[in-house]
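The questions below ask how the labels attached to a model follow from computed values. Each answer sets a value against its cut-off.

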Amino acid sequence: MKPLVIILMGSISDEEHCRKIADACEKFGLDVDLRVGSAHKTARHVLDLLDQYESDPRAKLYITVAGRSNALSGLVDGYVQAPVIACPPASSSFGGSDIYSSLRMPSGISPAVILEPENAALFAARVFALLDGEIQEKVKQYKDQHMEKVVKSDRELHAQ
C-alpha cells in the first residue's frame, strides 16, 4: 500500500499551487488526495476530514496550503499524529508578512514550513523514504539529477 499525502487547501483558489505539489508527489510514487477546508470557515468539516484520514491505517502526511491567517496548519498539526507540512502560497499582501502566520506556532504545534511546492513534495517523499526503498530510490534519482545539472552548468561555464 502506497503512502498517502493529503493536501488540504484552505480555499479552492489555492488549487493551482496544490496541483504543483500533487504532481511532484506522484513522481515519487505517493498517493495524493486533494481536499478543501478552512480552519476559520469550516472547522467541523476539517475535523471530520481529519478523523476520516486518521482512521486510515496507511502511512500518511498532511500538506496544508493556506495564506493570510494560516490557522489551518496549526489546527491540523494539533489534531493529527502524522507529520504536517505548511506550504503557503506566495503572497504580496501586507508586504508578504502574512508568512509569519505559518512560521509562528504555539508550543507543541510543529508543522514544517516549506514555501516551494516541489520542495514540499520532496520533503514528504524523504519522510516516507525512511521506510520505503522504492521511494528512497526515487528521491536519490531526483537529487542526482539536480546535482548533475549543477555540475554540468559548472563545466559549461568553466569551458568558456
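## Labels and the values behind them

Leu4 stands opposite Lys60 in strand 3. The model is a predicted one.

Q: What makes strand 1 and strand 3 a pair, and in which sense do they run?
A: Pairing takes at least two bridges between two strands. Strand 1 and strand 3 (residues 60–65) are joined by 6 bridges, so they count as paired, and the sense is parallel.

Q: How do you know that strand 1 also pairs with strand 2?
A: There are 6 bridges between strand 1 and strand 2 (residues 31–36), and the two strands run parallel. The cut-off is at least two bridges, so strand 1 and strand 2 are a pair.

Q: Which elements make up the right-handed β-α-β unit, and why is it called right-handed?
A: The unit consists of strand 1, helix 1 (residues 15–27) and strand 2. The term applies because, with the strands pointing away from the viewer, the path from the first strand over the helix to the second runs clockwise.

Q: Why is strand 1 described as largely enclosed?
A: Buried means under 20% relative accessible area. In strand 1 (residues 4–9), 6 of the 6 residues are buried, so the rest of the structure largely encloses the strand.

Q: What makes both faces of strand 1 count as covered?
A: In a regular strand, side chains alternate between the two faces of the sheet. On one side of strand 1 lie Leu4, Ile6 and Leu8, on the other Val5, Ile7 and Met9, and all of these are buried.

Q: How many helices and strands does the protein chain have, and in what order do they run?
A: The chain has 6 helices and 5 strands. From the N terminus on, the order is β-α-β-α-β-α-β-α-β-α-α. Of its 160 residues, 39% count as buried.

Q: How many disulfides does the structure hold, and how do you know that Cys25 is in none?
A: The count is 0. A disulfide needs two cysteine sulfur atoms within 2.5 Å. The closest cysteine sulfur to that of Cys25 belongs to Cys87 and is 9.7 Å away, too far for a bond. Cys87 is in no disulfide either, since its nearest cysteine sulfur, that of Cys18, is 7.9 Å away.

Q: Are Cys25 and Cys87 buried or exposed?
A: Cys25 has a relative accessible area of 0%, so it is buried. Cys87 is also at 0% and therefore counts as buried.

Q: What makes Glu15 and Arg19 a salt bridge?
A: The limit is 4 Å between a side-chain nitrogen of Lys or Arg and a carboxyl oxygen of Asp or Glu. For Glu15 and Arg19 the N to O distance is 2.8 Å, so the pair qualifies. Both residues lie in helix 1, 4 residues apart, about one turn of the helix.

Q: Why are Glu15 and Arg19 called partly exposed?
A: Partly exposed lies between the buried limit of under 20% and the exposed limit of over 50%. Glu15 has a relative accessible area of 27%, so it is in that range. Arg19, with 40%, is therefore partly exposed too.

Q: Why is Asp56 called buried, and with which residue does it form a salt bridge?
A: Its relative accessible area is 19%, and buried means under 20%, so Asp56 is buried. Asp56 forms a salt bridge with Arg58, with 3.4 Å between the closest N and O atoms.

Q: How do you know that Lys152 and Glu156 form a salt bridge?
A: Their N to O distance is 3.6 Å, within 4 Å, so the contact counts. Lys152 and Glu156 both lie in helix 6 (residues 133–159), 4 residues apart. Elsewhere, salt bridges that share partners join Lys2, Asp31, Asp56 and Arg58 into one network. The structure holds 7 salt bridges.

Q: Why does Leu122 count as buried, and which residues does it touch?
A: Leu122, in helix 5 (residues 117–129), has 11% relative accessibility, so it is buried. Not counting residues up to four places away in sequence, Leu122 touches Phe28, Val139 and Tyr142. Leu122 and Val139 are 17 residues apart in sequence and 7.4 Å apart in space, C-alpha to C-alpha.

Conventions: Residues numbered from 1 in each chain as written. Predicted model: local features only at pLDDT ≥ 70, side-chain atom pairs only at ≥ 80, totals over all residues. Heavy atoms only, no water. Buried < 20%, exposed > 50% of the residue type's maximum accessible area, 1.4 Å probe, protein only. Contact = heavy atoms within 4.5 Å.
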